[in-house]
Structure formats: structure tokens, C-alpha cells
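Dear colleague,

I am passing on the structure that follows, together with some notes on what turned up in it. Please keep it open while you read, so that you can follow each part in turn.

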Amino acid sequence: MIEPREVAISTSDTFNGLRTTGEPLREGDSVIFFDRKDREYLKTLRAGETISIRGGTIAVDELLGKPDGVSVRSSLRERFVVLRPTLERLIPNLPRKAQVIYPKDLGLILMWGDVYPGATVVEAGVGPGALTLALLRAVGREGRVISFETREEHARAAERNVARYYGTAPQWTLTVGDVADGLRDLSVDRVFLDLPEPWRQTDLAWRALRPGGVFLGYVPTVLQVKGFVDSLKEHGGFACIDTMETLVRYWHVKEMSVRPQHRMVAHTGFVTTARRVEPLGQPVPPEEGV
Ligand SMILES: C[S@@+](CC[C@H](N)C(=O)[O-])C[C@H]1O[C@@H](n2cnc3c(N)ncnc32)[C@H](O)[C@@H]1O
């Protein structure tokens, strides 16, 4: 049992993920090298060092001070385009020990979860911090992201990812512990859960949410969707309950061959959203046999 406690938030002045355009490449920047087939290699620029990709090497000093988007050749004469990652490109490359929420679902979560600048959002679990990064951007400096993660090593990994790819985040609190304990004393605008049994937190989320607030669960299987939606309906304090998934299909566009790509990420997870409302009365127990 890990004692709930807040971990110190690292600060980083070597990379600020919000600064994605305009400035020349700098020491400490994380960049993606794209080869001619658009394969991606996420690296950090360290002065005086060399970077190895596909058997060739590139001197970092050749890149520092150059514009974002510069082309460079490795010692094997292979050409790469060097770009600071957008969040959408970064997340699939994020160092991780647990599954991340993919960008297609993060887009859905930010819109259907109605995240706005200044919002206070509770999030659990944190894993490598993909949703955390998206939330920190969306709530801005005037908002708050309150994150809970039971596993110390996942919390540490998220802390490193936020420090490196977002930068100093005074609007972020990360607690190592069960979200069930954390929700008890909070009053927030949004509660977003990416953990196996979100239905266990339904009543706690209702108590923590301000009137009209959004409760969102992200789960990978239909049985989990059923468990979560049933808990929302049985509780009686939630309305506008919607479950959805999103499928993004990239297209191959080359000369006369314009068609969907053969491969796609076909399944990730289901998003369920609900609004906190005043219950009409005592929750009605389900009818027998239903
Ligand atoms: C799939 S990962 C989360 C990924 C994350 N949302 C992202 O976008 O990168 C699920 C995480 O939930 C954590 N977890 C599971 N139950 C929890 C609980 N009751 N409270 C807090 N964290 C929990 C796990 O340790 C795991 O790191």
C-alpha cells in the first residue's frame, strides 16, 4: 500500500513543449527525425553529442541554432527532416511503461469532456501522462489538473514526461495514491477516469463534481462500458449519458493511387460521458431479471 502523498513537480527550463514553432533548435530540445518514408525517431539535442539513427550518426552541434524543420544528412548520407513534435506526434513516441490514450481519443475527450481554459479537472490514472499533457495545455495556466496514480513508477515517468514535454506546470498536482481517496475532499468541474473499474468511483465523482460537471470514463472493452453506464444510471445523479468511439483512417495519396491506407489503429477504447445533475429521488433498483 503506497501512502498517498504529493510528489514534487519537476521544473525544466531546457524544453517547453508549448514552444513548438518559430524559435531555432536549442540545447535540450526534443525533436523527431523523419526519414524519407516518414518513419519517426524521437531524440533529445545535447550539445557536443552525436545522435545515431539507422546506422548513421549526426552531430548535434550541426543542428543547434538551425530552424525547426531543417534537413540534415547522417554520416551514411541519409536525409532526415528535424522537427519539434506536435503533441499528436509526440504521444505515440512517449517513453512509457503503460498504455497511453491515443491522440484520436484525446481529441474526443477534450471536446466531449468540455475542457476549457480555467477548468479544474481530476484525472486518474496518469500512466505515462498522455492525457495529462493534453489537459495541461487545454486548461492553461489559470486552470488546474489534479492527477492521481497508484503506481509510484508510473507517477515518476509521467513527472519526467511533463517536465520534458510541457515544462514547468504550476497548475498540476500529482498524487501517488488511489483516486478514491483523492476525490473525497474535492470540488471540481470535470472528473476523467482511465482505469479498469470506473464504476467504483461513480458516487465519489458525483460528490466531487460541481453541478453540471462532466464525468468521463475511458475503457477498452464493452463489458467495462456496460458496468460503467449501469452504475451511472443506477446512481440517479447523472444525465446526458453517451458512449462513443472514434476511428481514424489515414489515406495513402501518391500519384494516381488515392485510397485508404491498408492498416489502421482499429480499436483503442470507448469514451463515456455524463453530466452531474440533482437526483430526482432515491435511485430506483433494477427490475429483477433485467
Ligand atoms: C492505461 S494507464 C493510464 C494512461 C493515461 N491516461 C495516459 O493517457 O497516458 C492506467 C493507469 O491507472 C492507474 N490506476 C489504476 N487504478 C487506479 C486508481 N484507483 N487510482 C489511481 N490510479 C489508478 C494504473 O497504475 C495505470 O498507470
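If the neighbours within four places in sequence are left aside, Leu136 is in contact with Val145, Val162, Tyr166, Ala169, Gln171 and Trp172. Please bear in mind, here and below, that this is a predicted model. Leu136 also belongs to the largest nonpolar core, which has 57 residues, and together with Ala130 and Leu135 it touches the most other members of that core. Which helix gives this core its largest share? That share, eight residues, comes from helix 3. In soluble globular proteins, nonpolar side chains tend to be buried together. Apart from this core there is a second, separate one of seven residues, and Phe33, Leu45, Phe80 and Val82 are included in it.

Another part to look at is an open sheet of four strands, in which the order is 3-2-7-6 and the pairing is antiparallel. Strand 3 (40–44) and strand 6 (71–73) are the edge strands, and each of them pairs on one side only. On average, and with direction ignored, neighbouring strands of this sheet are turned by 35 degrees against each other. What joins strand 6 to strand 7 (residues 79–83)? Three bridges do, and the two strands run antiparallel. Opposite Val72 stands Phe80 in strand 7, and Phe80 is one of the residues included in the second core.

Finally, a few values describe the protein chain as a whole. Its secondary structure comes to seven helices and 16 strands, and its C-alpha trace spans about 70 × 50 × 35 Å along the principal axes. Of the 290 residues in the chain, 36% count as buried.

With best wishes

Conventions
Residues are numbered from 1 along each chain as its sequence is written. This is a predicted model: local features need pLDDT of at least 70, side-chain atom pairs count only at pLDDT 80 or more; totals for chains, interfaces and linings use all residues. A nonpolar core is a set of buried Ala, Val, Leu, Ile, Met, Phe, Trp, Tyr and Cys residues joined through C-beta atoms within 7 Å. A residue is buried if 20 or more other C-beta atoms lie within 10 Å of its own, exposed if 12 or fewer, and partly exposed in between; C-beta atoms are placed from the backbone. Two residues are in contact if their C-beta atoms, placed from the backbone, lie within 7 Å. Two strands pair if DSSP finds at least two bridges between them. Axes are lines fitted to C-alpha atoms, for helices over the stretch in contact, and angles run from 0 to 180 degrees between N-to-C directions.
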